Amino acid sequence: MLKNGKPLTYCGQGHYDSELMDSLPKREQVIVLCWIDKYLCCDRSYSDYYISYGLKHILERDTGIYLTNNQFKDAMLISGYEHTKESEDKINWEYPLYKRSAALLSKRDGDRPITEEDIEHYIFKHPEYRE
C-alpha cells in the first residue's frame, strides 16, 4: 500500500515494513538507484511482470547491498517505475519490465557491476545525491 506517497508493506501478524531508501547511507542509495537505472527497463505493454522480492535479491547479489522489500519498492518509485495497481495491497509489488532487461538476463553474480564512473554520472544527473 501507499501512505503519503511512500510504500508501506504489511507483512502479517501486525508487522509492517516501513523502511525507506533514506535510511541507507547516501552512497548506497546512489548505487541502488544507479543499478535500477542501468539494468532495468520498463515495458509499458505490461506483458511480463516481475515481483519486488525477486528483483531485490538480484540487486543484492550484484551490489552486496541488502534492502528490505519496502526499501526496494521505494527505490523503484524514486526511479519512476510504476507497480501494477492490482499488486498495491500485496506484500510483493509487480512491475512490468522488459524481459530482456540486463538485470533479468544473466544469473551469475557480479555480471552487472556499478562503477565509479556510473556513480559520478548518476550524481551529475541527480545532484540531490551529492554528499
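This is a predicted model: local features need pLDDT of at least 70, side-chain atom pairs count only at pLDDT 80 or more; totals for chains, interfaces and linings use all residues.
Let's start on the surface, with a nonpolar patch made of Met1, Tyr10 and Tyr16. Is tyrosine 10 buried, exposed or partly exposed? Its relative accessibility is 38%, so tyrosine 10 counts as partly exposed.

Asparagine 4 sits in the loop between strand S1 (2-3) and strand S2 (6-7). Its phi angle is near 55 degrees, a positive value in a residue other than glycine. Asparagine 4 is also exposed, because its relative accessibility reaches 76%. Now move along to glutamine 13, in the loop between S3 and strand S4 (15-17). Here, too, phi is positive in a residue other than glycine, near 50 degrees. With 86% relative accessibility, glutamine 13 counts as exposed.

Let's zoom out to the whole chain. How many helices and strands does the chain have? There are five helices and six strands. If you walk along the sequence, they come in the pattern β-β-β-β-α-β-α-α-β-α-α. The radius of gyration is 14 Å, close to the 14 Å that the globule rule gives for 131 residues, so the chain is as compact as a globular protein of that length. If you want a box to picture, the C-alpha atoms fill one of roughly 40 × 35 × 25 Å along the principal axes.

What about inside and outside? Of the 131 residues, 41% count as buried. The accessible surface of the chain comes to about 7500 Å², and carbon and sulfur atoms hold 50% of that. Here is another number for your notebook: among contacts with a separation of 6 or more, 69% are between residues 24 or more positions apart.

Next, the aromatic rings. How many aromatic pairs does a search of the whole structure find? The search finds three. One of them is tryptophan 35 with tyrosine 39, a tilted pair with 6.2 Å from centre to centre and 55 degrees between the planes. Both residues belong to helix H1 (residues 26-39), and because they are four residues apart there, about one helical turn separates them. Tryptophan 35 is buried, with a relative accessible area of 0%. Tyrosine 39 is buried as well, at 8%.

Another of the pairs joins tyrosine 122 and tyrosine 129. This pair is also tilted, with 6.2 Å between the centres and 55 degrees between the planes. Tyrosine 122 counts as buried, at 5% relative accessibility. Tyrosine 129 is buried too, with a relative accessible area of 10%.

My last topic is charge. Side chains of opposite charge can pair when their charged atoms come close. A search of the whole structure turns up four salt bridges, and I'd like to show you some of them.

Begin with glutamate 116 and arginine 27, whose closest N and O atoms are 2.3 Å apart. Glutamate 116 is in helix H5 (residues 116-125) and arginine 27 is in helix H1, so this pair links distant parts of the chain, 89 residues apart. Glutamate 116 is partly exposed, at 44% relative accessible area, and arginine 27 is partly exposed, at 39%.

Now find lysine 125 and aspartate 37, a salt bridge with the closest N and O atoms 3.4 Å apart. Lysine 125 lies in helix H5 and aspartate 37 in helix H1, so this bridge ties together parts that are 88 residues apart in sequence. Lysine 125 counts as partly exposed at 42%, and aspartate 37 is partly exposed at 44%.

Then look at aspartate 118 and lysine 38, whose side chains meet in a salt bridge at 2.7 Å, N to O. Which helices does this pair tie together? Aspartate 118 lies in helix H5 and lysine 38 in helix H1, so the bridge connects parts that are 80 residues apart in sequence. Why does aspartate 118 count as buried? Its relative accessible area is 16%, and buried means under 20%. Lysine 38, at 39% relative accessibility, counts as partly exposed.

Conventions
Residues are numbered from 1 along each chain as its sequence is written. Side-chain values use heavy atoms; hydrogens and water are left out. Patches are made of residues with over 30% relative accessible area and no salt bridge: like charges are joined within 9 Å, nonpolar side chains (Val, Leu, Ile, Met, Phe, Trp, Tyr) within 5 Å. Accessible areas come from the Shrake-Rupley method with a 1.4 Å probe; for residues, only the protein chains shown count as cover. Buried means under 20% relative accessible area, exposed over 50%, partly exposed in between (1.4 Å probe, protein chains only). Rings of Phe, Tyr and Trp (its six-membered ring) pair if their centres lie within 6.5 Å; planes under 30 degrees apart count as stacked, over 60 as edge-to-face and the rest as tilted. Helices (H or I, at least four residues) and strands (E, at least two) are DSSP runs, numbered from the N terminus. The radius of gyration is taken over C-alpha atoms; the globule rule is 2.2 Å times the number of residues to the power 0.38. Contact means heavy atoms within 4.5 Å.
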